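Here's a quick tour for anyone meeting this structure for the first time. Have a look at the model, then come back for the walk-through.

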Amino acid sequence: MQNNLLLKSVQTIKTIGPRRAASLQKLGIFTVGDLLSHFPRRYEDRTHLCSAGTLVQDETATIGGKVLAAQDLKPRRGLTITKLAVHDGFGVFYAVWFNQPFIKKRLPPGTKIYITGKVDKGYGATQLMVEDYEVDDGGDSLSAGRLVPIYPLTEGLNQRQLRLMIRTALAVLDNQIVDFLPGEITEKYNLPRIGQALQQIHFPDGEKQARDARRRFIFEELFLLQLALAMRRREINCSVKSYNYLPPGKLLHLYRKNLPFQLTGGQRRVWREISADLDSSRPLHRLLQGDVGAGKTVVSTMAMLRAVESGLQAALMAPTEILAEQHYLGLSKDLAAIGVEVGLLTSGTRKKEREQLLARIAAGELKLLVGTHALLQGDVSFQRLGLVVVDEQHRFGVRQRAALTHKGNLPDTLVMTATPIPRTLALTLYGDLDISVINELPPGRNPVKTYAILPRALPKAMRLVKKQISLGRQAYIVCPLVEESEKIDLQSASNLSAELAANEFKGLQVEMLHGRMKSAEKEEIMSRFRQGEIKVLVSTTVIEVGVDIPNATVMIIIDADRFGLAQLHQLRGRVGRSSHQSYCILVANPKTDQSRERLRAMTRTRDGFLLAEEDLRLRGPGEFHGTRQSGFPELKIADLLRDWKALEVAREEAITLVHGDPSCKNTSTKAIFAEVEARFGKNINISCG
Ligand code: ADP
Ligand code: MG
């Protein structure tokens, strides 16, 4: 068994020294196993060797032959052209390299080589502009007469070197590696076993073999991922809550009675699901999905109240200070009437206040705590944390969610997101959660009228803003994302706001809001905006998530083509939160078809679900709603969208396997569980056994 070799450093391979190892590291390759799972991006079909006489201008061809003579030319400073005359058995052609003077020495006359390059016929001589070459040492060729793998590269490495390293690694393994996929599964889905799959994905005998090998690794990756999720889920399902809930009582009743509206059908249905989970003995572990403005907050508040009236504590974590503050204000206002106190903890909380707050939470005096990431700090401890609510889950990583959960003893966990996620993706991103969806908006909401305009029509948009303000409404102006740099964004935001205050909106209250402001400043601005004193809020995307100020009815998004669809939809969700007609104006001069399409999609549809799918189609799942930043494991070869069929199969097999071996102790499945832990354990927070 050679599996241990897979875990060894690449330097165990003879031809890899420290320098090459350093280059490989840049590709994320550390071990022999990493090297072997550096799969080709594509293959070049060089099955047919050409002969010099039949070459076609500008085509890429591969020819074998013997070096006759070599010549270096230096037509000008800094340019060396090396020409090798090569005889292919029928005629002569010239192989041409630029600025690689060592070639002459490396390929002396008499050397047999294969050469791949672009054909250039001129003045009776046939030249090949070399892209790839290989010395023909009599063994199997890696670069000619076959499908040739093309790998992702990095500086200091070329295709030839990678091919050689991988071939050497495969030779060392000598097909002795043990497959951790159960034989029944590879048989059932007609997948090659690991040894053959590795050989064929790198150096395929034909296209079918390459496809099958690829299919195997895609399945393998999805299967391991789904196993990780299934294991985590099982862990949760098997656990028993440490606290029990009392039946719904007076607090909940009063809160609901005081609400100025009726719950929508969607809210009621979701509440029944959540409430049943609270009553169950296994911890609630649920994703609450609902488009922006669907009214998730009310539902989570009801859950928190059930915790409080059962003598437990509840924590609500939000991704930004502004949102945490808003939740705090809203809850304090609604709950004061029924005598429930709420605390707020952010990184901006003053030291003394923080100390007092922490003491009261630890003692169990304070039952409800709202906050940002600051809740995760080590010295925050609860007396009886029964319920954790995470708002706008997509902004947090799986690990942060887990960190908050670990502050309690198997507390109930409710995570909320406005991100409508297509089913296949949800199964994976949130494979360990139950899912509830609020599928309707509260009644009486007029759809936001959305227009895309060119920058020169901006004055018209500003007139709309003025009109709305004269009607007593308020406006957001979202500033261009100039670059990734916050500093420059800030500059552009402050310029814009100063200009607006001096010209268009002279005499009106215009203020600016951005992420770098001190907490107190942000609070002050938001509170003046909430009270209607500030009429126009010029802001960076800090207002993107969750902000709820129903009197704001216009949003102007400058350079809207720089934002992704999901983000535009979130931003737009800040207006249209009352029965007043709202407007969203996307200002852009789109340069690519893709950005034009995005803007068009925004004006056409208000349905977050459709937009999410459009976003996926346009950008691919990697970019999808910051799944990258969420700490979700990156997939090497599988693609959650393209491979959705394999994903569903993998999910079923994973569930069956975990079901059949609940303690993951069978010797037959040990290897696979070990592999799951090695690959996904860190990200998904599982441990086996
Ligand atoms: P989100 O789901 O985006 O978090 P919120 O919870 O912030 O949405 O709710 C959006 C707005 O809708 C809030 O102002 C809230 O008071 C209001 N709202 C919630 N539920 C209802 C309802 N059933 N009827 C009318 N308005 C509601
Ligand atoms: Mg919300």
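Before we start, one definition: a helix axis here is a line fitted to C-alpha atoms over the stretch in contact, and angles run from 0 to 180 degrees between N-to-C directions. Keep in mind that this is a predicted model. With that in hand, take helix α9 (residues 250-258) and α11, which pack at an angle of about 155° with their axes 8 Å apart. Angles over 145 degrees count as roughly antiparallel, and α9 and α11 are therefore roughly antiparallel to each other.

**Helices around α11**

- The crossing of α9 past α11 is right-handed.
- On the α9 side, the contact is made by Lys250, Leu251, Leu252, Tyr255 and Arg256. From α11 come Val298, Thr301, Met302, Leu305, Arg306, Val308 and Glu309.
- Sorted by class, the residues of the contact of α9 with α11 come out as seven nonpolar, one polar and four charged.
- Helix α10 (residues 265-279) also packs on α11, at an angle of about 25° and with the axes 10 Å apart. That makes α10 roughly parallel to α11.
- Here too the crossing is right-handed, with α10 passing α11.
- In this contact α10 brings Gln267, Val270, Trp271, Ile274, Ser275, Leu278 and Asp279, while α11 brings Val298, Val299, Met302, Ala303 and Arg306.
- The residues of the contact of α10 with α11 split into eight nonpolar, two polar and two charged.

**The seven-stranded sheet**

- What order do the seven strands of the open sheet take? Reading across, they go β10-β11-β9-β12-β13-β8-β14, and the pairing is parallel.
- At the edges are β10 (342-345) and β14 (434-438), each of which pairs on one side only.
- On average, neighbouring strands of this sheet are turned by 20° against each other, direction ignored.
- Zooming in on one pair, strand β8 (residues 285-290) runs parallel to β14 and is joined to it by five bridges. Within β14, isoleucine 435 is the bridge partner of leucine 287.
- Helix α11 (residues 296-309) comes back into the picture here: it lies across β8, β9 (313-317), β11 (368-371), β12 (385-390), β13 (412-417) and β14. The helix α11 runs at about 170° to β12.

**The six-stranded sheet**

- Another open sheet has six strands, in the order β15-β20-β19-β16-β18-β17, again with parallel pairing.
- Its edges are β15 (449-453) and β17 (510-513); each has a single partner strand, so one side of each is left without a neighbour in the sheet.
- Neighbouring strands of this sheet are turned by 15° against each other on average, direction ignored.
- Strand β16 (residues 474-478) pairs in the parallel sense with strand β19 (residues 552-558), over five bridges. In that pairing, glutamine 474 sits opposite alanine 552 of β19.
- Helix α19 (residues 565-572) packs on the sheet and touches β15, β16, β19 and β20 (583-587). The direction of α19 makes about 150° with that of β19.

**Pairings around β4**

- Strand β3 (residues 79-87) and strand β4 (residues 92-98) run antiparallel and are joined by seven bridges. Isoleucine 81 faces phenylalanine 98 of β4.
- The hairpin of β3 and β4 has four residues between the strands, and glycine 89 takes a positive phi near 100° in it.
- β4 also pairs with β6, this time parallel, through three bridges. There, alanine 95 is opposite leucine 128 of β6.

**Helices α12 and α18**

- Helix α12 (residues 321-336) and helix α18 (residues 519-530) pack at an angle of about 55°, their axes 10 Å apart. α12 and α18 are therefore oblique to each other.
- The crossing of α12 past α18 is right-handed.
- α12 contributes Glu321, Ile322, Glu325, Gln326 and Leu329 to the contact, and α18 contributes Ser519, Lys522, Glu523, Met526 and Arg530.
- By class, the contact of α12 with α18 has five charged, three nonpolar and two polar residues.

**Salt bridges**

- How many salt bridges are there? The count comes to 27 salt bridges.
- Arginine 46 and aspartate 132 form a salt bridge through their side chains, at 3.1 Å from N to O.
- That pair links distant parts of the chain, 86 residues apart: arginine 46 is in strand β1 (residues 42-46) and aspartate 132 is in strand β6 (residues 125-135).

Technical notes
Residues are numbered from 1 along each chain as its sequence is written. Chains are lettered from A and ligands numbered from 1 in the order in which they are written. This is a predicted model: local features need pLDDT of at least 70, side-chain atom pairs count only at pLDDT 80 or more; totals for chains, interfaces and linings use all residues. Side-chain values use heavy atoms; hydrogens and water are left out. Two strands pair if DSSP finds at least two bridges between them. Helices (H or I, at least four residues) and strands (E, at least two) are DSSP runs, numbered from the N terminus. Contact means heavy atoms within 4.5 Å. Angles under 35 degrees count as roughly parallel, over 145 as roughly antiparallel, 65 to 115 as roughly perpendicular and the rest as oblique. A crossing is left-handed if the near helix is turned anticlockwise from the far one by less than a right angle, and right-handed if clockwise. Ala, Val, Leu, Ile, Met, Phe, Trp, Tyr, Cys and Pro count as nonpolar, Asp, Glu, Lys and Arg as charged, and the others, Gly among them, as polar. A salt bridge is a side-chain nitrogen of Lys or Arg within 4 Å of a carboxyl oxygen of Asp or Glu.
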